[in-house]
Amino acid sequence: MITPNIDALSLVELRYIARKQGIDDAEVLDREDLLEALQEMYEEMESNISGDGSVSSPFTQQRFMNTLVAHDSNDTMGTLPGVQCLPEGYSETRIHLLLKNPYWAHAFWSVCSTDIMKLEQSSASFSFFLRVSIHEASERNLEADSFDVDVSRTDTSWNINLPERGRVYSVSLHYKDTDGNTGRLCISDTVETPKSYWLDHVDALGKDERQFSLLFSSLVSKGGNMVENPLLREVVELLDERLGG
Amino acid sequence: MARNSIGLILNAHMPYVRHPEYPRFLEEDWLFEAIGETYLPLLRMLRRLRDEGVPFRITMSFSPTLCSMLSDPILQGRFTDYLRLHQELGEREMARCQREEQECLPLAKMYLNSINTNLQEYFETYQCNILTGFRDLEESGHVDLITTAATHAYLPLYSEYPSAINAQIELAVQSHINHFKRRPKGFWLPECGYFPGLEDYLQKEELAFFQLAAQSLILADQPVERGNYAPVACPNGVFGFARDFHLTNLVWSNAEGYPTDSNYREFYRDIGYDLPLDYIRQYIHAPEVRVFTGFKYYAITGKGNDKRFYHPERAARKVQEHAANFLYSVHQKGEKVAPLLDREPFYTLAFDAELFGHWWFEGIDWLEAVLRNAAKSNDVVFETQLDYLKRYPESQVLQPSLSSWGEGGYSDVWTDGVNVWIYRHLHKAIERMEELAIRFPDQSSLKQRFLNQAAREVLLAMASDWPFIIHNGTSSSYAEKRLRDHLGNFNVVYENMCKNAVNTEWLVKSEKRDIVFPDIDYNMFNLNSRRNRYNG
């Protein structure tokens with residue numbers, strides 16, 4: 001559900017939204033009461049949305065514009081030509097791996113019906129798991145390590161925690177039947193997590209004032225906030241630890 | 001005293017939004033607000049400086065989708081209608097303020113004057129195509145114009161698909177040449193999204209440089225020698241300029257930046273929301289969708305709902321203070337940094353152009369004051385990335401790190417829980433487009449047009465704007481619908497071509513709807529054919 005940042009809205013805007021949402025006495029309620037009433041209503045709507053995203057009790061999906069003001073999406077969306085339905089998956093056995101950041105990747109996959117049928121014919125019951133393979137950047141073909149993640153047969157995507165920086169990862173989808181037989185269905189292309197020189201040379205950075213100034217003077221704001229980045233934070237935390245020690 | 005060079009890059013970009021099927025379309029206002037509040041006032045300011053002989057050099061990137069919309073007669077006509085509607089509102093506002101809210105009268109007059117000037121310049125100076133104004137500034141040597149990905153796709157998420165990245169870049173260069181009659185020398189990485197190896201695609205198109213997120217060099221796997229104060233040469237010789245977060249943040253920060261000053265104009269208070277519906281109805285969207293009208297009478301004041309009226313004179317004083325403070329900060333930084341370097345420091349400032357004028361109302365005045373004061377100073381100069389590369393052709397060879405300017409510095413914004421589902425379909429569409437380009441190479445006539453439309457749809461679906469808008473939760477229904485439409489339209493071609501058929505009626509309608517990239521060649525999705533092109 002799309003909800004507006006109601007705290008940021010003016011009284012006029014809040015009344016407008018409240019009226020649209022069918023809140024009684026929208027015109028006479030003050031700002032605090034309107035905020036409370038809207039918040040309550042959104043919470044109730046949120047609780048009516050089940051785990052799979054479907055709505056378990058009827059309410060009108062609101063459309064909030066960049067202006068933060070709502071209008072009934074059906075007024076416009078419904079009349080726009082050619083709203084397209086996309087398939088939930090494609091008829092292929094395939095897995096992809098998208099790198100979100102140095103610590104997480106997103107895998108998504110599909111298994112074609114022929115493969116499912118074959119699996120059903122060969123075993124009364126089977127399940128899927130993902131195998132995350134870790135390779136050295138210099139030797140991509142050589143698997144250095146791996147770990148498995150159990151997924152259900154209805155899952156089609158998974159966020160994967162990547163344990164090490166500067167490594168190459170791939171993920172494969174496997175089946176496992178009740179007799180303990182396993183097999184690989186598909187494997188993704190590889191992704192490489194970045195590594196920073198300074199993570200491995202933090203002592204040198206701590207001792208080199210010139211280098212430190214040169215690097216960090218363009219990364220920290222006037223108010224002392226550093227550019228937001230987890231790897232950079234790791235460098236700084238290590239540096240703090242070493243200097244503190 | 002060391003000279004401090006500032007390399008300012010402004011990225012002008014709007015997603016392709018064009019709905020002639022409706023008399024007025026809400027999301028088209030994004031473009032109209034940007035033209036009226038940023039592009040025209042920016043042109044006015046830059047030309048004024050040039051005419052007065054104030055020296056400056058800056059870089060501007062224009063996205064191909066924006067160029068297409070700015071030179072589209074239908075949208076030009078609709079922008080004119082938009083200005084006239086707001087001109088009428090301005091006249092009504094003058095009368096209303098005279099009658100009911102006299103404190104706002106000078107402001108209503110200020111907005112009306114600005115609309116009148118925009119109208120006059122739009123017609124008389126630019127004959128409705130403002131790109132000519134920027135081209136003129138390039139010809140006079142004040143602005144270097146560069147390009148960006150064809151539909152502003154966030155490229156790191158397509159690194160698996162060389163054909164798609166190649167198409168985004170090749171088409172961008174082609175579109176730039178069509179609009180500006182010159183080959184671009186630089187490339188704006190959408191959202192500063194970089195992955196190692198991206199420079200190879202840029203090199204193929206003879207692009208000499210690109211900008212990077214602030215953390216890209218410090219996080220590289222070798223030590224960077226000059227911090228962010230000089231570009232680096234990627235192993236293939238294309239140069240990367242990393243942003244200076246410290247100086248950028250003085251301007252672009254919702255916590256510390258100049259635009260947060262309480263005297264500046266409040267963006268979110270607008271008569272489109274504040275005045276009774278009966279009065280404002282004809283200036284907002286049907287049936288009763290309140291939108292910004294541009295008539296905003298309040299200053300930021302503070303966090304609460306109670307706002308003071310806006311005083312342009314107070315804001316103007318702040319503009320001068322902030323411009324002086326900015327140059328002082330550059331000077332101070334130079335004092336600290338220059339002794340650590342073996343050459344003069346270069347600070348890369350990269351912003352979305354729409355920050356100035358649209359989001360930060362006084363931003364263009366601030367930029368003007370900075371450029372004027374810098375011209376008078378003896379230690380700050382605005383020069384472009386190409387100027388710098390002429391002065392210092394040698395740079396440290398270093399591979400920048402994977403990075404973006406999005407939250408967290410990587411791809412999280414474009415792959416969060418609400419938008420990551422799109423890549424299943426986008427990647428499939430790219431694979432199918434590659435398949436079509438290989439199965440049906442060098443087609444002519446209807447099939448060629450049909451396949452070109454498919455390529456257009458895939459590229460439009462790849463725009464970074466859709467996942468970004470979905471991530472933000474603003475106008476997300478529209479963004480999602482656009483994605484679904486483009487992917488659905490692509491599937492129409494794919495399914496028809498699999499049956500060796502062309503849906504002519506659909507094709508004619510689609511070509512009329514999406515006039516972007518008239519010279520597109522779907523063969524760009526066949527990398528073998530492209531390799532032959534480069535090798536031949």
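Predicted model: local features only at pLDDT ≥ 70, side-chain atom pairs only at ≥ 80, totals over all residues.
View 1. Domain 1 of chain B is made up of residues 4-71 + 129-265 + 310-405, and domain 2 of chain B of residues 413-531. The centres of these two domains, taken over C-alpha atoms, are separated by 29 Å.

**View 2. Chain B as a whole has 19 helices and ten strands.** Its radius of gyration is 24 Å, close to the 24 Å that the globule rule gives for 536 residues, so chain B is as compact as a globular protein of that length. Taken along the principal axes, the box that the C-alpha atoms of chain B fill is roughly 70 × 65 × 45 Å. Of the 536 residues in chain B, 55% are buried. Among the contacts in chain B between residues at least 6 apart in sequence, 77% join residues that are at least 24 apart.

**View 3. Chain B and chain A touch through a contact that takes 62 residues from chain B and 55 residues from chain A.** On the chain B side, at least two residues each are supplied by helix 8 (245-251), helix 9 (271-274), helix 11 (312-337), helix 14 (422-439) and helix 17 (476-498) of chain B. The largest share of that side, seven residues, comes from helix 17 of chain B. By class, the side of chain B that touches chain A has 23 nonpolar, 21 polar and 18 charged residues.

**View 4. In chain A, three strands form an open sheet in the order 3-4-7, with antiparallel pairing.** Strand 3 (94-101) and strand 7 (157-161) of chain A stand at the edges, where each has a single partner strand, so one side of each is left without a neighbour in the sheet. From one strand to the next, the twist averages 25°. Strand 3 of chain A is joined by seven bridges to strand 4 (residues 104-110) of chain A, and these two strands run antiparallel.

Conventions
Residues numbered from 1 in each chain as written. Chains lettered and ligands numbered in written order. Pairing = 2+ DSSP bridges. Helix = DSSP H or I, 4+ residues; strand = E, 2+ residues; numbered from the N terminus. Axes fitted to C-alpha atoms, helices over the stretch in contact; angles between N-to-C directions. Rg over C-alpha atoms; globule rule 2.2 N^0.38 Å. Buried ≥ 20, exposed ≤ 12 C-beta atoms within 10 Å, placed from the backbone. Contact = placed C-beta atoms within 7 Å. Nonpolar A, V, L, I, M, F, W, Y, C, P; charged D, E, K, R; others polar. Domains from an automatic or database assignment.
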